[in-house]
Amino acid sequence: MHENLEAIVTKHLCTTDRTPIPDFVHDSFELMRKTLSLTGLPLWLDSFCGTGISTRKLAEQNPNFCVIGVDQSEQRLKAEPPAELTNCLLVRSDCDALWRLMAEHKIQAQRHTLFYPNPWPKASQLKRRVHGHASFKALLEISPNLELRTNWDIYAREFTQALTIASRPTELTSFVPKEPITRFEAKYIASQHRLWRVCSTTSP
C-alpha cells in the first residue's frame, strides 16, 4: 500500500476541490437530472462503465432503478448497440467532476458501483486512483451504498483503508461472481485472477 495514502486522503477530506468543471460535464449532469425526473426512479450510478455492458445488466436485473452509466470515452459508449430499456442511460462525462456536481446539488445515488476502474499501478499515480483523487470526498457524499470491484489486491486494500480513514464502514472480500458483469471480469475469471469486492453501506 502507498506510504502517503493516509496523508493524501486526509488532505482531500478536509479541503474542497475547486478545479473548473467542463461544460460537457454540466450538460451530462442536466441530462441525468432530466432522466431521473422523467422516470421517477431512484438512481443507480455505474461509474467508469466503459461500453455500458454492466449498466445494461444492472438495469435488466433492477427494473425499479434508473441505472445511469458514465464514461469519459464517447467511442467506448457507442461500441455496443443502444440499450432498449426505459430505465437505462449511458452518458459521456468525467466521473470525478460529475460526482462533485452531484454532491454540490445533493443528488443522491441509492447505489453506486465502480467496476474495475483504471488501477493506475505506478506509485507516482496514486492521486489518479479513485481513493487518492481530490474528488474522493464527493464520492463519499453522493451514495450510502458503494461497491468497488478490482483484480488488484493492493487497490482493494487501499480503497478499504481510505474508507476507514473517512470513518465509513467497509467490508473487503474476495469473491467469484455467478455471472461476469463486465468483459474485464470475464477475462479475469478466465485467467483465474482472484477478484476483490469492497462494499460500504452507511445508515440512512
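Predicted model: local features only at pLDDT ≥ 70, side-chain atom pairs only at ≥ 80, totals over all residues.
If you want to click through them, the buried set is Cys 95, Asp 96, Ala 97, Leu 98, Trp 99, Arg 100, Leu 101, Met 102 and Ala 103. Just past the end of α5, Lys 106 has a positive phi of about 55 degrees.

## How α1 sits against α7

Now for a pair of helices. Two packed helices are described by the angle between their axes and the distance between the axes. Here, α1 (residues 5-14) packs on α7 (residues 153-165) at about 45 degrees, and their axes are 10 Å apart. An angle between 35 and 65 degrees falls in the oblique class, so α1 counts as oblique to α7. The crossing of α1 past α7 is right-handed.

Who touches whom? On the α1 side, look for Leu 5, Glu 6, Val 9, Thr 10 and Leu 13; on the α7 side, they meet Glu 158, Gln 161, Ala 162 and Ile 165. Sorted by class, this α1–α7 contact is made of five nonpolar, two polar and two charged residues.

## Ser 200, tucked into β7

Ser 200 belongs to strand β7 (residues 195-201). Is Ser 200 buried or exposed? Its relative accessible area is 0%, and anything under 20% counts as buried, so Ser 200 is buried.

What does Ser 200 contact, once its neighbours within four places in sequence are set aside? The list is Pro 144, Asn 145, Leu 146, Leu 163, Arg 168, Pro 169 and Thr 170. Take Leu 146: Ser 200 is 54 residues from it in sequence, yet their C-alpha atoms are 5.1 Å apart in space.

Helix α8 covers residues 183-190, and at its start a side-chain oxygen of Thr 182 comes to within 3.3 Å of the backbone nitrogen of Phe 184. Just after the helix, Gln 192 adopts a positive phi of about 60 degrees.

Note on methods: Residues numbered from 1 in each chain as written. Heavy atoms only, no water. Axes fitted to C-alpha atoms, helices over the stretch in contact; angles between N-to-C directions. Helix = DSSP H or I, 4+ residues; strand = E, 2+ residues; numbered from the N terminus. Parallel < 35°, antiparallel > 145°, perpendicular 65-115°, else oblique. Left-handed = near helix turned anticlockwise from the far one by under 90°. Contact = heavy atoms within 4.5 Å. Nonpolar A, V, L, I, M, F, W, Y, C, P; charged D, E, K, R; others polar. Polar contact = N/O pair within 3.5 Å; in protein donor to acceptor, adjacent residues only side chain to side chain. Buried < 20%, exposed > 50% of the residue type's maximum accessible area, 1.4 Å probe, protein only.
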